[in-house]
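Let's take a look at this protein chain together. Have the sequence and the 3D view open, and follow along topic by topic.

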Amino acid sequence: MMKKALILGKGISGSGAAEALQSLGYNTKIFDDSDGGKPPKLTGISIVVHSPGVPITHPTIQEAKQKNIDTMGELELGYRLCRCPLVAITGTNGKTTVTRLLHRILANRGLRTDAVGNVGKSLASASLKSNEYDVLVCETSSFQLESITSFAPEIAMITNISPDHLDRHGTMDEYAKTKLKIAQNQTEKNFLILSMDDIPIKYLEGFAPRSHVLFVSTKRVVAGAYLLDGKLYYFDEVICDRSNLKLQGDHNVSNALFAAAAARIMGVDRTVIAQTFADFELDDHRLQFIGTYGGKRYYDDSKGTNIDACLKACESMQGDTALILGGSDKGYDFGRLFDELPTHITYITAIGETATAIKSIGAIYAKEVIICDSLEEAVECCSNSDIQNVLLSPATASYDMFKDYKERGERFAEIVKNMGQNE
């Protein structure tokens, strides 16, 4: 009799899990709460796999555990099926850039590799052909790490930890603990790379990984990868000059150091790393330059969905900048945003369900915020202001007005380019 599996959540993770389980001989059924109706009964179900968007508190997951049915996230399933070395990257920000950058370095070295996980490709699906890869590079979110039990990458990285997803995890302590789970099953044969600059020490109290720990810093010499006198180092070895990086901003120097450290652990020559750094460009919607219209430069950082990401984008701007904030509420304290905003952010607009809260908190910090009813109105207001740059970096999710951050960024670019055609 064919074994039965229930998959909670659609999308890339859900379909990837279904593909993997079907290859193992399971009869699979996918259920998503957004479809309406009640979840299928668990009678005859031998495994429940859930997508990252489905929290472990979901009633069906809890019922499955009570009935001793094997439950796991798609990441855990993918790991159990994976037959090649795995590098995993997590962190509040930077993880996508590090994942794609390391993947490019390894590909340029001639290794058979792919970027999987939270970057848009199911690890479970990729693991079906993992014997064809030399290594997989996996971006891992806190939602994915929440439910792991045996997941243990050969190399793990935590790029930074700052407030995010508090609507899911409840507190910063719980969010940080979830991030640290990336190393919980590692052994002394594995490596863990941590930021020396951007992980508050309080979250590391009692953290005792068994793996070999290296560090990354843009501010001091560390046992690992660091920036010193305008050069990127891995221990005593110069990788390249900072000016060699096509990526701009201190945060991207940190991202490059993470990728360099992992690549050197795997034996990739520094010349391959340096050449990749010289060629590599950012993903769409991450500080993406849209164009110059009416004498103003427009930047799409729609992927800046939390306060830390927004601040890093603001710091990267050169010259007076208008900032477009706002979107769906993720439970953030915008006081930190206004407290740390660079002085060259001179004009601020806000949209979406968080707009009123942003304006109120801005007033406490003597920052005027213009509430706009739409993204179009916000772009128009910014275009009429006396500034050099317009930056969309919302510091919030997009779900109140858009399907996701990609749709928000694409709409921003469309508005800006249409405005340019009407000049």
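How many positive and negative side chains does the chain have, and how far apart do the centres of the two sets lie? There are 45 positive and 54 negative side chains, and the two centres lie 7 Å apart. Keep in mind that you're looking at a predicted model.

**The whole chain**

- You'll find 15 helices and 19 strands in the chain.
- Buried residues make up 56% of the 423 residues.
- Take the contacts with a separation of 6 or more: 67% of them come from residues 24 or more positions apart.

**The nonpolar cores**

- In soluble globular proteins, nonpolar side chains tend to be buried together.
- The largest nonpolar core here has 37 residues, and the members that touch the most other members are Leu102, Met157, Leu232 and Phe277.
- Helix 9 (residues 250-265) gives this core its largest share, with nine residues.
- Apart from that core lies another one of 27 residues, including Ala126, Ile161, Leu180 and Ile199.

**Helix 10 and Phe277**

- In helix 10 (residues 270-279), the buried residues are Val272, Ile273, Ala274, Thr276 and Phe277.
- What do they pack against? Their partners are helix 4 (95-108), strand 12 (231-234), strand 13 (237-241) and helix 9.
- Zoom in on Phe277 and, leaving out residues up to four places away in sequence, you'll see that it touches Leu101, Ile105, Leu232, Ile239, Cys240, Asn244, Leu245, Lys246, Ala256 and Ala260.

**Helix 3**

- Why is helix 3 (residues 74-81) described as largely enclosed by the rest of the structure? It's because six of its eight residues are buried.
- Those six are Glu74, Leu75, Glu76, Leu77, Gly78 and Leu81.
- The helices they pack against include helix 1 (11-23), helix 5 (123-127) and helix 6 (142-145).
- They also pack against strands, namely strand 3 (45-50), strand 4 (70-73) and strand 7 (135-139).

- Ile69 sits in the loop between helix 2 (59-66) and strand 4.
- Is Ile69 buried or exposed? It counts as buried, because its relative accessibility is 12%, and the cut-off for buried is under 20%.
- Not counting residues up to four places away in sequence, Ile69 touches Leu42, Ile45, Ser46, Ile47, Val48 and Ala64.
- Ile69 and Val48 are 21 residues apart along the chain, and their C-alpha atoms are separated by 7.2 Å.
- Asn27 is part of strand 2 (residues 26-31).
- With 40% relative accessibility, Asn27 counts as partly exposed.
- Leaving aside neighbours within four places in sequence, Asn27 is in contact with Met2, Lys3, Lys4 and Ala5.
- Now look across to Val222: Asn27 and Val222 are 195 residues apart in sequence and 51 Å apart in space, C-alpha to C-alpha.

Notes:
Residues numbered from 1 in each chain as written. Predicted model: local features only at pLDDT ≥ 70, side-chain atom pairs only at ≥ 80, totals over all residues. Heavy atoms only, no water. Core = buried A, V, L, I, M, F, W, Y, C linked by side-chain atoms within 4.5 Å. Buried < 20%, exposed > 50% of the residue type's maximum accessible area, 1.4 Å probe, protein only. Helix = DSSP H or I, 4+ residues; strand = E, 2+ residues; numbered from the N terminus. Contact = heavy atoms within 4.5 Å. Lys, Arg positive; Asp, Glu negative; His and termini not counted. Charge placed at Lys NZ, Arg CZ, Asp CG, Glu CD.
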